[in-house]
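Subject: Structure handover

Hello,

Here is the structure for you to look at. My notes on its pockets follow.

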Amino acid sequence: MSARSPAPPTGAERYLAIRRPVEVGYWLITYLLSGLGNSVTTWMDVERLGLGYAAWEVASWEGSSAVALLMLVPAMVWFTARWPVHLDNWRRRLPLYAVASLVWSALHVGLMVAIRKLIYAWHGGSYVFGDAFVYEYLKDARTFLGIVVVLHGYRLLVRRLQGEASLLAAPDDDSAPVEPVERPSRFLVRKLGREFLVAADDIEWVQAAGNYANLHVRGKVYPLRSTLAELESRLDAARFLRVHRSHLVNVDRIASIEPLDSGDARIHLHDGTVVPCSRRHREPLRLAMAR
């Protein structure tokens with residue numbers, strides 16, 4: 001009897017397999033179109049008003065802004081992932097994001113002006129920015145807010161596609177919980193309107209991601225609303241071991257450990273995944289493997 005062929009990947013799974021190049025392409029195309037569009041409209045205003053600026057000057061103004069914004073995208077991705085905003089914490093996050101918008105605007109203006117000065121120097125001229133930071137900040141604050149909304153909305157969509165894990169809730173009545181709260185053996189995963197259980201023993205490794213801990217199970221990733229330290233305290237310490245400040249690993253899934261000259265190590269799992277191991281965690285890992 002022939003074995004059953006695996007089910008074809010769903011549309012969500014096909015997208016998740018190419019999400020990184022799509023994400024990079026989104027930002028590249030967005031700021032390319034933004035730079036081109038703003039350059040054209042500004043040039044039309046310059047021509048209409050007879051201001052006498054050269055085409056390369058107009059292109060340098062808008063192009064430098066788009067390039068500077070693109071250079072700051074990785075910082076925005078990291079910041080919003082490290083300190084995400086939720087309905088239960090937005091008031092606490094508001095001052096942090098207000099300060100971040102000022103820092104972000106200062107970096108944007110600094111990069112933008114530096115690029116313009118280089119372009120003007122290339123053409124034998126000089127560029128003077130003046131004291132227009134307040135004006136630039138008022139524009140940048142709207143852009144900053146737009147990026148924050150896009151990143152949070154996109155991450156919410158991705159979590160819905162790939163599934164989001166949570167601990168099983170205790171029952172409302174006084175009966176005994178179906179799952180131990182302090183030492184869970186299963187996690188509830190919600191994915192596209194469906195719910196299913198993931199056994200804790202099936203978790204291969206866990207990676208910290210801001211206020212989330214990403215559970216890696218059979219090639220899939222399920223974000224859990226928890227810090228890595230909180231999750232580590234609840235998982236079986238004999239099976240799940242901290243090997244890095246941002247990684248836990250299921251010792252039963254380890255195939256080999258590759259020492260490095262730096263004193264760190266690489267952990268090779270049975271599925272081919274490589275997880276970093278820092279120097280301070282190598283000896284506890286060796287003892288756990290020996291047991």
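First, a term: helices (H or I, at least four residues) and strands (E, at least two) are DSSP runs, numbered from the N terminus. The model is predicted, so local features need pLDDT of at least 70, side-chain atom pairs count only at pLDDT 80 or more, and totals for chains, interfaces and linings use all residues. Residues are numbered from 1 along each chain as its sequence is written, and side-chain values use heavy atoms, without hydrogens or water.

Now the pockets. On a 1 Å grid over the protein atoms alone, a pocket is an open set of points where a 1.4 Å probe fits, with protein on both sides within 12 Å along at least five of seven lines; lining residues have an atom within 4 Å of a point. Points are joined across faces, edges and corners, and a volume is the space filled by probe spheres set on them.

The largest pocket holds about 1,400 Å³. It has 49 lining residues; Arg-19, Arg-20, Ala-81, Arg-155 and Asn-214 are the closest to its centre. Elements giving two or more residues include α1 (11–17), α2 (19–49) and β5 (212–217). α5 gives the most, with 10 residues.

The second largest pocket holds about 540 Å³. Of its 26 lining residues, Asn-38, Glu-62, Ser-65, Glu-136 and Lys-139 are the closest to the centre. Two or more residues each come from α2, α3, α4 (90–122) and α5. Here α5 gives the most, with eight residues.

Best wishes
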